[in-house]
Amino acid sequence: MNKIIKYVITDILRNKVVIIYTLLLLAISFTVFNLEDNTSKGLLSLMNIVLIVVPLICIIFSTIYIYNSSEFIELLVSQPLRRKQIWISLYAGMAIALTLAFTIGIGIAVILYSFTATGIMLIAVGLVLTLIFIAIALLAAVHTRDKAKGIGIAVLLWLYFSLIFDGLVLFILFQFADYPLEKAMLLLSGLNPIDMGRILILLKMDVSALMGYTGAVFKSFFGTTTGIIIAGFVMMLWAVVPVALSLAKFKKKDL
Amino acid sequence: MIIANNVTKKFGRLTALNNVSATCLKGQCVALIGPNGSGKTTLVKSILGMVVPESGFITFNGKNIVHDWMYREHIGYMPQIGRYPENMTIGQVLGMMKDIRNKNGNLSLDEDLVKAFKLESLLNKRMRTLSGGTTQKVSASLAFMFNPDVLILDEPTAGLDPVASEILKEKINFEKQKGKLVLITSHILSELDDLVTHVIYMQDGNLLFHKSIELLRKDTGEQKLSKAIASVMQKN
């Protein structure tokens, strides 16, 4: 297994996109912290950028990478290797490269400027989101042979998780404004890893006081250790389930 | 050695393989012949596990290949169109395959073809810059490199220059003498004449016949394989 991961990582490092991504994150994080005197404000701006940029880059890069590796995959499938091993190695290789890029790009600045519980939560959420969106990219890429279509699906999925889902939630909130929706909101947030990440970070920031009664419900749930463990578990599911589904599809795929 | 049992594969509405059954044994050199789109490559890919059949099964040395993957250790495969990671050089591709297949480092590598095709002088060339013929040479070298018991060659000489294709044919003959099973698909029937011992003829996904070359010659009354096949095709 390690041998394939090794080849995937050397290949990713050779095409330089990941290095540019790292530099971009580094530039963003240092700029944000230097613009604001108040580091917790800086962290808030950084959070908004991380929640948009990280999923976008991860899902698009991974989808394109899988399509570009089609020759590599084809070559390996005819060799004495398990398909599961090939697919998981591909995921692991991308995950290692992109989490490394995130740790260097965001981690260094956060540790230097704001090494607090909020900062650590921001790094953790960013890392888990990286794993989740690579997994979703695997799922998008395995389902269609057409590269343009696959990338289109990936972009749509990103759009759904970062914008459309929030719109739908707002719509539900306004339509059912007369009913108590606080508990339902808790469940709804579990359907979107980006939202969940945002809530987890915001609750560490003490601005949750501004979020009204729903914020209080969130705080009473996500504020506790069990709440964080459950949230972490749900986020891990968001990574594991797409990988498992894509693997099942890949095992039966004709190459 | 390789037994296919009622293998059926459909691509959408197209039936690429329709209830194909065949048995190939050690020491045979089997030619897979048929018009374009008759399912030859699909059959070959099913044996390699690259295509998963809808029904039927294939066994390799008595083991069903669905639940096994180690059997591919014994196969050297030369694809019709070799596709390789474009950014890698020939040397890196060869090195990677050695790294993956030669896990314990105890396989004796057969680099005759690498030498015969003079690939050593091209080791630093990237795969995307190679001509079709050179890519075929890389494919052939990889197929023979690990001394496999079974060689599966899909249109091996297509795109090769006469010198290279002569080298390859000699190599195939040499490996056949060692008692390996060789499966070849080809349209150039004249060059199969002195190689093959058995012929499988396919048409529209159906296996029409599978017989030894002596029997085929006797049945059709033709000595040359190309003439024999032509007379079969006219009958259908």
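## Close-up views of a predicted two-chain model

**View 1. The open mixed sheet of chain B.** Six strands of chain B make up an open sheet, in the order β6-β7-β8-β3-β9-β10, and their pairing is mixed. The edges are held by β6 (75-78) and β10 (206-212) of chain B, each of which has a single partner strand, so one side of each is left without a neighbour in the sheet. From one strand to the next, the twist averages 15°.

View 2. The 16 residues of α5(B) should span 22 Å at 1.5 Å a residue, and the end C-alpha atoms of the helix are 23 Å apart, which agrees. The buried residues of this helix are Ala164(B), Leu168(B), Lys171(B), Ile172(B) and Glu175(B). These residues cover an arc of only 100° around the axis, which puts them on the same side of α5(B). The elements against which the buried residues of α5(B) pack are α3 (112-116), α4 (132-145), β7 and β8 of chain B. On the other side of the helix, Pro162(B), Val163(B), Glu170(B), Phe174(B) and Gln177(B) are exposed. Just after α5(B), a positive phi of about 90° is taken by Gly179(B).

**View 3. Val163(B) within helix α5(B).** Val163(B) belongs to helix α5(B), which comprises residues 162-177. Around Val163(B) there are 10 other C-beta atoms within 10 Å, and since a residue with 12 or fewer is classed as exposed, Val163(B) is exposed. In sequence, Val163(B) and Leu189(B) are 26 residues apart, and in space they are 18 Å apart, C-alpha to C-alpha.

**View 4. Positive phi values in two loops of chain B.** Lys118(B), found in the loop between α3 and α4 of chain B, has a positive phi of about 55° although it is not a glycine. This residue counts as exposed, with 10 C-beta neighbours inside 10 Å. Asn147(B), which lies in the loop between α4 and β7 of chain B, is likewise a residue other than glycine with a positive phi, here near 50°. With 14 C-beta neighbours inside 10 Å, Asn147(B) counts as partly exposed.

**View 5. The contact between chain B and chain A.** The contact draws on 18 residues from chain B and 17 residues from chain A. On the side of chain B that touches chain A, the largest share, four residues, comes from helix α2(B), residues 90-101. By residue class, that side of chain B divides into eleven nonpolar, one polar and six charged residues.

**View 6. Ile228(A) in helix α11(A).** This view turns to chain A, where Ile228(A) has its place in helix α11(A), residues 225-251. Ile228(A) has 17 C-beta neighbours inside 10 Å and counts as partly exposed. Although Ile228(A) and Leu200(A) are 28 residues apart in sequence, their C-alpha atoms are 7.8 Å apart in space.

Technical notes:
Residues are numbered from 1 along each chain as its sequence is written. Chains are lettered from A and ligands numbered from 1 in the order in which they are written. This is a predicted model: local features need pLDDT of at least 70, side-chain atom pairs count only at pLDDT 80 or more; totals for chains, interfaces and linings use all residues. Two strands pair if DSSP finds at least two bridges between them. Axes are lines fitted to C-alpha atoms, for helices over the stretch in contact, and angles run from 0 to 180 degrees between N-to-C directions. A residue is buried if 20 or more other C-beta atoms lie within 10 Å of its own, exposed if 12 or fewer, and partly exposed in between; C-beta atoms are placed from the backbone. The expected span of a helix is 1.5 Å times one less than its number of residues. The arc is that of the directions from the helix axis to the C-beta atoms. Two residues are in contact if their C-beta atoms, placed from the backbone, lie within 7 Å. Ala, Val, Leu, Ile, Met, Phe, Trp, Tyr, Cys and Pro count as nonpolar, Asp, Glu, Lys and Arg as charged, and the others, Gly among them, as polar.
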